[in-house]
Amino acid sequence: MNKAYFDAYLERQKAVYDAIPIDQVERIINLIKKCWEEDRQLFAFGNGGSASNVSHFITDLGKSASDRMGKRFRCLSLNESISWITALGNDYAYEDVYVQQLHNYAQPGDLVLTLSVSGNSPNVVKAVHWANENGLTTVALVGGKGGRLAAIADEVIIVQDEHYGRVEDAQMTICHMLCYGFIES
């Protein structure tokens, strides 16, 4: 590796950041605010690096944004409980690890937010499909190909790249914008 590689990497990352559709970020903030105002729940989930970003997002929203707003956000990361995930994956199938949790917790009017670089993860797609059929509002942050999530989620932000690292970094930036829209405004 050399400086030219890192310079090129950062240039591509800057281009991804510059392409974040701020109007869509604002629409998602408004959905989160409505969820909060109506005392609804927000469920979030993803796989791999996206799962880590979801955990970080829920921590920021549930703690820091809640501290700022005075009333707590009712938010839950469905990729946190390894016991839940392994029991559901073992007894049903891995593609059921999120939808089965939604069966337990979700109600019409709640909000689902998912992160996926490919937009095609079967467990995430299945959960969003179920959420749509059961009166939840769905949001997906996906990579450049969009995948099936881009076609089925109510609100979608497509990060204009296919590189997993750049997409995940941009998704975390969007998640920070969603939280800090409450914390700093």
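Among contacts (heavy atoms within 4.5 Å) in the protein chain between residues at least 6 apart in sequence, 70% join residues at least 24 apart. This is a predicted model, in which local features need pLDDT of at least 70 and side-chain atom pairs count only at pLDDT 80 or more, while totals for chains, interfaces and linings use all residues. Residues are numbered from 1 along each chain as its sequence is written, and side-chain values use heavy atoms, with hydrogens and water left out.

**Whole chain**

Show the protein chain as a cartoon: eight helices and five strands are there. These are DSSP runs, helices being H or I of at least four residues and strands E of at least two, numbered from the N terminus. Their order along the sequence is α-α-β-α-β-α-α-β-α-β-α-β-α. The C-alpha trace spans about 50 × 40 × 30 Å along its principal axes. Of the 185 residues, 46% are buried; buried means under 20% relative accessible area, exposed over 50%, and partly exposed in between (1.4 Å probe, protein chains only).

**Aromatic pairs**

Next, colour the rings of Phe, Tyr and Trp; the structure holds seven aromatic pairs. Rings of these residues, with the six-membered ring taken for Trp, pair if their centres lie within 6.5 Å; planes under 30 degrees apart count as stacked, over 60 as edge-to-face and the rest as tilted.

Select Phe-43 and Tyr-105, a stacked pair with 6.5 Å centre to centre and 20° between the planes. Phe-43 sits in strand S1 (residues 41-45) and Tyr-105 in helix H5 (residues 99-105), 62 residues apart. Phe-43 is buried, at a relative accessible area of 0%, whereas Tyr-105 is partly exposed, at 33%.

Move to Phe-73 and Phe-182, an edge-to-face pair with 5.0 Å between centres and 65° between the planes. Phe-73 is in the loop between helix H3 (49-69) and strand S2 (74-77), and Phe-182 is in helix H8 (residues 164-183), so the pair ties together parts 109 residues apart in sequence. Phe-73 counts as buried at 8% relative accessibility, and Phe-182 counts as buried at 5%.

Then select Tyr-5, Phe-6 and Tyr-9, which ring pairs link into a cluster.

**Charges over rings**

A charge sits over a ring if NZ of Lys or CZ of Arg is within 6 Å of the ring centre and within 35 degrees of the ring normal. Last, select Trp-36 and Lys-71: Lys-71 lies over the face of Trp-36, at 5.0 Å from the ring centre.
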